[in-house]
Amino acid sequence: MNEELELIFEEIKALLAERKYAQLYARVKALQPADIALLFEDIPMEEVILTFRLLPKDMAADTFVELEPDRQMLLISAFFTAIYMLSIVSRAFFPKKNFDY
């Protein structure tokens, strides 16, 4: 990884820590999917999930392809768990509605 990319990653980590999501979105969106995948190897999974959700759909798909298989599985698992939990909460608070997730 080159020095410029390392500086960008440090800036992104700071934006995550400060919860500056609009600036984070702009900064990450300017990267190539392969670089985002490298970033995702260097940050905690919770931050990977958050950052991944910020990406435009086409960029998210391209980034997903660049991820290592273990990160892909963790991301899929995290989204499945979130959908499952949403389903449980929805049924608890809205028992008469039919939610198809």
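In which order do the elements of the protein run from the N terminus on? The order is α-α-α-α-α-α.

**Figure 1. Overview of the predicted model, which has 6 helices and 0 strands.** The helices (DSSP runs of H or I, at least four residues) and strands (runs of E, at least two) are numbered from the N terminus. Residues are numbered from 1 along each chain as its sequence is written. Because this is a predicted model, local features need pLDDT of at least 70 and side-chain atom pairs count only at pLDDT 80 or more, whereas totals for chains, interfaces and linings use all residues; side-chain values use heavy atoms, with hydrogens and water left out. Of the 101 residues in the protein, 29% are buried. Here buried means under 20% relative accessible area, exposed means over 50%, and partly exposed lies in between (1.4 Å probe, protein chains only). The protein exposes about 7000 Å², and carbon and sulfur atoms supply 58% of this area. Such areas come from the Shrake-Rupley method with a 1.4 Å probe; for residues, only the protein chains shown count as cover. A contact means heavy atoms within 4.5 Å. Among contacts between residues at least 6 apart in sequence, 56% join residues at least 24 apart.

**Figure 2. The crossing of helices H3 and H5.** Two packed helices are described by the angle between their axes and the distance between the axes. Helix H3 comprises residues 33–42 and helix H5 residues 57–66; their axes come within 8 Å and cross at roughly 60°. This angle makes H3 oblique to H5. Axes are lines fitted to C-alpha atoms, for helices over the stretch in contact, and angles run from 0 to 180 degrees between N-to-C directions. Angles under 35 degrees count as roughly parallel, over 145 as roughly antiparallel, 65 to 115 as roughly perpendicular, and the rest as oblique. The crossing of H3 and H5 is right-handed. A crossing is right-handed if the near helix is turned clockwise from the far one by less than a right angle, and left-handed if anticlockwise. On the H3 side, the contact is made by Pro33, Ala34, Ile36, Ala37 and Phe40; on the H5 side, it is made by Met59, Asp62, Thr63 and Glu66. By class, this contact of H3 with H5 has 6 nonpolar, 1 polar and 2 charged residues. Ala, Val, Leu, Ile, Met, Phe, Trp, Tyr, Cys and Pro count as nonpolar, Asp, Glu, Lys and Arg as charged, and the others, Gly among them, as polar.

**Figure 3. Residues Thr63, Asp62 and Pro33 at the contact of H3 with H5.** Is threonine 63 buried or exposed? Threonine 63, in helix H5, has 0% relative accessibility and therefore counts as buried. Leaving aside neighbours within four places in sequence, threonine 63 touches Pro33, Ile36, Ala37, Phe40 and Leu55. Aspartate 62 is also found in helix H5, but at 44% relative accessibility aspartate 62 counts as partly exposed. Aspartate 62 and alanine 37 are 25 residues apart in sequence, and their C-alpha atoms are 9.5 Å apart in space. Proline 33 lies in helix H3 and counts as buried at 17% relative accessibility. With neighbours within four places in sequence left aside, proline 33 is in contact with Asp62, Thr63 and Glu66. Between proline 33 and alanine 61 there are 8.8 Å from C-alpha to C-alpha, with the two residues 28 apart in sequence.

**Figure 4. Helices H2 and H4 in contact.** The axes of helix H2 (residues 21–29) and helix H4 (residues 45–54) come within 10 Å and cross at roughly 75°. H2 is therefore roughly perpendicular to H4. Tyr21, Leu24, Tyr25 and Val28 of H2 meet Leu50, Thr51 and Leu54 of H4 in this contact. The contact of H2 with H4 has 6 nonpolar residues, 1 polar residue and no charged residues.

**Figure 5. Helix H1 against helix H3, and the loop between H1 and H2.** H1 and H3 pack at an angle of about 60°, with their axes 11 Å apart. The two helices are therefore oblique to each other, and H1 passes H3 in a right-handed crossing. Leu5, Phe9, Ile12 and Lys13 of H1 make the contact with Asp35, Leu38, Leu39 and Asp42 of H3. The residues of this contact divide into 5 nonpolar, no polar and 3 charged. Arginine 19 is placed in the loop between helix H1 (3–18) and H2. Although arginine 19 is not a glycine, this residue has a positive phi of about 60°. Arginine 19 is exposed, with a relative accessible area of 62%.
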